[in-house]
Structures are given as C-alpha cells and as structure tokens.
Amino acid sequence: MLGLTVLPLLMLAGASLGFSIVVALLAACTAGLLIMRWPVSGLFLCLACVLLIEQNPLQFHIGTDQLNIFYWPPNMAGMIERPIGFLMLFTLFVSICHRLAKRRPALEGGPLFWPFILFLVCVAIGVLHGLTTGGDLKITVLEVRPLWYLFLSYLLAYNLISQLRHVRLFLWFAIFGAGFKGLQGCYIYFFVLHGDLTNQNEIMSHEESFFFISILLLIILFCLLYSYRPQLYAALAVLPVVLIALVANKRRADYIALIVGVLVAWVFVFYLKPQLRKPLLAGLAICTLLGVGYVLAFAHGTGSLAEPARAIVSVIDPSASDTRDQASNAYRNAENYDLKYTVQQNPLLGLGFGKQFLQPEPLPVLASDNPDFGGNPYLYVPHNTIYWIWMRLGPIGYIALWFLLGSLIVRGGLIARQLQDPYLRLIAVYVIAITFMEVMVAYADYQLFFYRNVIYLGLLAGLLMRLPALERGRSMQQAAQKSMPTAPQARAVLSEVS
C-alpha cells in the first residue's frame with residue numbers, strides 16, 4: 001500500500017509555492033488517500049488541475065502558474081513523467097485494483113478504444129522512425145506526451161464516470177473553474193495593467209481563452225437545448241469576468257472557434273428539436289445581421305469593445321489587420337509552407353518525432369526561454385498542430401488522427417440522437433461542439449500540444465461515450481423502483497398470506 005502513495009507524493013511534492021515541504025507532503029498524502037478510497041476523486045482532481053493551473057509560468061504571476069503540476073521545479077527537471085501524468089497513472093492504477101477486487105474487467109476501452117490504438121500505433125512508428133533517423137529522445141518524449149495524455153484521460157473518464165451526478169459535477173467544475181480564471185484575468189487587467197493592453201499579446205495562457213469560450217458555448221446550449229437553471233444561473237453569474245478576461249487575452253483563433261462551435265450546436269438543436277426550427281432560423285438571421293453589423297462597425301475601432309471584431313477581421317482579411325497581427329499571419333503562412341514542404345520530402349512516414357522541420361522559407365527567430373527544446377520550441381512544434389501531426393506521421397498517421405476525431409464526432413452524434421434525457425443530450429452536443437472548436441484552434445494555436453486542452457478533450461470524450469450506459473442504468477433503476485410494492489401494498493399482501 002505504501003507503494004501506491006509514491007506517485008501522488010511525487011506529483012504534489014513540487015506543488016509548494018511558498019509552503020514547506022511538510023505541507024506539500026500532507027496534501028499529497030491526503031490526495032493519495034482520497035484516490036485510494038474513491039478513485040473517481042482522482043479524475044476530478046485532474047480536472048481541477050486542468051481548469052485552474054497553468055501549464056507554464058506566466059508573465060504576470062497569479063499563484064496558480066507557480067504550482068508544479070504540469071512541469072517540475074528546476075531541481076527535479078528531467079523526470080520521464082510530469083506530476084499530472086503521475087496523478088493520472090496513479091488514479092488509473094487504483095481504479096484497476098478496485099475493479100479487480102469486485103471481479104470486474106481491469107479496464108474497459110469503450111467505442112473509441114480502437115481508433116485511439118490505431119492512432120497511437122502510428123505515433124509509435126513516428127517515434128521509432130524519428131529516433132532511427134537522428135531524432136532527439138528528450139524532445140521526442142516532450143512531443144509525444146500530450147498525445148499520450150489524450151488517451152490516458154479518455155480511459156480515466158470512461159472507466160470512472162459511473163453516475164449521473166458525476167456528469168453534473170463535471171460541468172460545475174468547468175463553470176466555477178472559468179469563473180476563477182476570469183477573476184484572475186480581471187485582476188491582471190485592472191490592477192496590474194490598469195486597463196492598458198498596449199504592447200500586450202496576451203495576459204494569460206493561450207489555452208485559457210479556449211475554456212472561456214467553452215463557457216459561452218455552454219450558456220448558449222442551456223438557452224437553446226435544455227435550461228438546467230442552477231448551472232445556467234451560475235454560468236451567467238461568472239459571465240462578466242469571463243468576457244473581460246477573454247477580450248483582454250487577445251486570442252484571435254478562439255473567436256472563430258466559438259462561431260464554429262455555436263453553428264455546430266445550432267445544427268444539432270435544429271435537428272433534435274423540430275418545434276424550434278422556425279425560431280432558430282429567425283434567431284440565426286438576426287444574430288448574423290447583428291454580428292456582421294458589429295464587425296463592420298468596429299473592424300477598425302480601438303479599445304476593448306472592438307477587440308473581437310478586429311480579431312475576426314484579421315483572420316478573414318489579414319491585410320486589414322494591425323502590424324502585430326500581420327506579422328503573426330505572415331509567420332504562420334511561412335510556417336505552414338515549411339510544414340507542407342517537409343511532408344513532400346517525407347511522403348510515406350513523415351519526418352518522425354524529435355527533429356526540426358525543414359525551412360525552405362526561413363522563419364524569423366522568436367525569443368524563447370524553453371531549454372527543453374534547445375531554446376526554441378517553434379522549430380519542433382509549430383502553431384498549426386494539425387499540420388504538425390501530418391508532418392510527423394505522414395499521410396497514414398494523419399488519416400488516423402482524422403479517423404479518431406471523426407469517430408468521436410460521428411459516435412457523439414448518434415449518442416445525442418438516441419439519448420432521451422435532455423441534460424445528457426445537452427452534454428453530448430456540448431462535447432461534439434468542443435471537438436470542432438478544438439480542431440479549429442489547433443490549426444492556429446498549439447492546441448494539440450497543450451496538456452490542459454488535450455486532457456480536457458480526452459475527459460470529455462470518455463464522458464460522452466459513457467452517457468448511453470448512464471441513461472440505461474437510470475432507466476433500469478426507475479423501472480425497479482416502480483415494480484417494488486408500496487408499504488400499504490406490502491401490508492395488504494402480508495395480511496392475505498396470514
């Protein structure tokens with residue numbers, strides 16, 4: 001049993017910002033004991049880390065970015081796994097022990113197991129191909145780790161989410177997590193920067209904006225598909241700070257992703273609720289007119305109110321964007337050209353992991369302080385992480401990635417159609433829309449390389465695949481309760497027998 005606590009102790013030993021090692025070890029022991037007693041608590045601890053703690057330190061320190069959950073402190077650097085990985089592995093191990101003790105299969109793979117295995121086999125081939133052709137082992141591990149976390153988090157959710165209250169709790173974590181990060185963003189914006197965003201590319205981590213727009217999507221789904229009022233009111237309560245932090249963080253790709261996610265949700269609501277089709281069409285027309293009017297009116301405006309409009313215009317028409325956005329667009333265009341060229345030079349297996357991609361069009365040197373990648377991660381992991389997979393794995397691995405994402409979307413659509421519970425149906429549509437949004441941002445902003453994003457997507461994928469079983473379980477429970485005699489009926493039967 002002592003060995004079971006080693007992994008969470010290692011995970012939390014470094015998470016001691018200003019605290020003694022005794023406090024850190026106490027927290028680790030507490031977490032370990034909770035997980036050993038209730039393995040699902042490990043899943044929600046992982047979710048809390050994803051929603052609340054930054055992957056790397058920020059320019060403006062806000063406490064949570066100094067917690068060593070996704071990275072080790074310098075004196076512990078070089079370990080093969082990160083603290084978050086130890087947490088997931090430990091939780092999965094404890095879950096296996098619990099399942100075996102109950103004479104159940106050690107793990108269940110679920111509907112996405114084989115699409116994941118196919119993709120991971122391609123990743124393994126990419127690792128071998130890269131290492132045998134000059135790839136660096138350390139960089140290879142760094143590149144592959146988020147793809148491993150995607151699968152690991154899927155297994156966690158699929159095997160540990162077993163009750164409807166777990167699904168509701170998952171969304172509560174997402175809502176309050178976004179509210180907490182929104183408050184941190186407002187603190188930076190109002191008290192650190194005093195409302196001045198001049199020369200600021202972002203104020204928080206890139207992936208934070210993705211979690212913010214996820215809450216906006218959730219509010220829209222609550223309004224269109226099913227109004228679960230406690231969570232709707234909570235999401236509306238955190239909306240002001242979320243919007244302020246979202247605008248101040250200046251991530252252009254997330255605005256486009258939100259539009260795509262809302263359109264996906266609209267299509268599903270249109271299909272699932274025929275009685276709302278006329279209002280949905282009218283609402284779409286009104287929102288389109290208002291949205292286009294806002295973009296046209298504020299495309300060349302100044303100030304925070306115009307920031308979303310400027311961001312959308314800079315993506316659609318790069319020539320109309322400001323100098324910073326034009327430089328960013330030019331860099332990404334050159335980067336995409338280099339990635340395609342690298343694929344052309346390695347048409348069968350791709351370049352493999354651990355090597356810099358080719359640069360027929362040289363990229364500007366970007367300042368970086370990441371020693372893990374020899375000082376410059378941009379030469380190994382590009383902004384466009386969809387093309388990154390293509391460049392690393394070649395066409396077969398690229399197809400395997402799309403097969404995995406397509407399986408998630410198609411199976412999710414079938415699940416959304418068959419579910420009868422309106423809340424579970426809302427969750428299904430939410431996950432499908434999030435998947436589309438993840439892909440959209442992955443084309444521009446490292447989305448498949450950020451640990452927090454891929455773990456969140458993996459957890460959602462596992463949760464989505466569990467929804468039909470959860471609904472069947474509840475239906476069987478309700479049927480069993482109806483078949484049980486009431487107390488007066490039981491007394492009547494006993495009196496007749498006597």
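Reader: In which helix is the place of Ser153?

Author: Ser153 sits in helix α6, residues 137-160; helices here are DSSP runs of H or I with at least four residues, numbered from the N terminus. This is a predicted model, in which local features need pLDDT of at least 70, side-chain atom pairs count only at pLDDT 80 or more, and totals for chains, interfaces and linings use all residues. Residues are numbered from 1 along each chain as its sequence is written, and side-chain values use heavy atoms, with hydrogens and water left out.

Reader: Does Ser153 count as buried or exposed?

Author: Buried means under 20% relative accessible area, exposed over 50%, and partly exposed in between (1.4 Å probe, protein chains only). Ser153 counts as buried because its relative accessibility is 0%. By contrast, Trp114, in helix α5 (residues 113-132), counts as exposed because its relative accessibility is 63%.

Reader: Which residues does Ser153 touch, not counting residues up to four places away in sequence?

Author: Contact means heavy atoms within 4.5 Å. On that basis Ser153 touches Met88, Val454, Ile455, Gly458 and Leu459. The side chain of Ser153 also reaches the backbone oxygen of Ile455 at 3.4 Å.

Reader: How many residues line the second largest pocket?

Author: Rolling a probe the size of a water molecule over the atoms shows where empty space is left. On a 1 Å grid over the protein atoms alone, a pocket is an open set of points where a 1.4 Å probe fits, with protein on both sides within 12 Å along at least five of seven lines; lining residues have an atom within 4 Å of a point. Here 30 residues line the second largest pocket, and Ile220, Ile259, Val262, Cys287 and Gly291 lie nearest its centre. Helix α11 gives the largest share of that lining, 12 residues.

Technical notes
Helices (H or I, at least four residues) and strands (E, at least two) are DSSP runs, numbered from the N terminus. A polar contact is a pair of N or O atoms within 3.5 Å; within protein, one must be able to donate a hydrogen and the other to accept it, and residues adjacent in sequence count only if both atoms are side-chain atoms.
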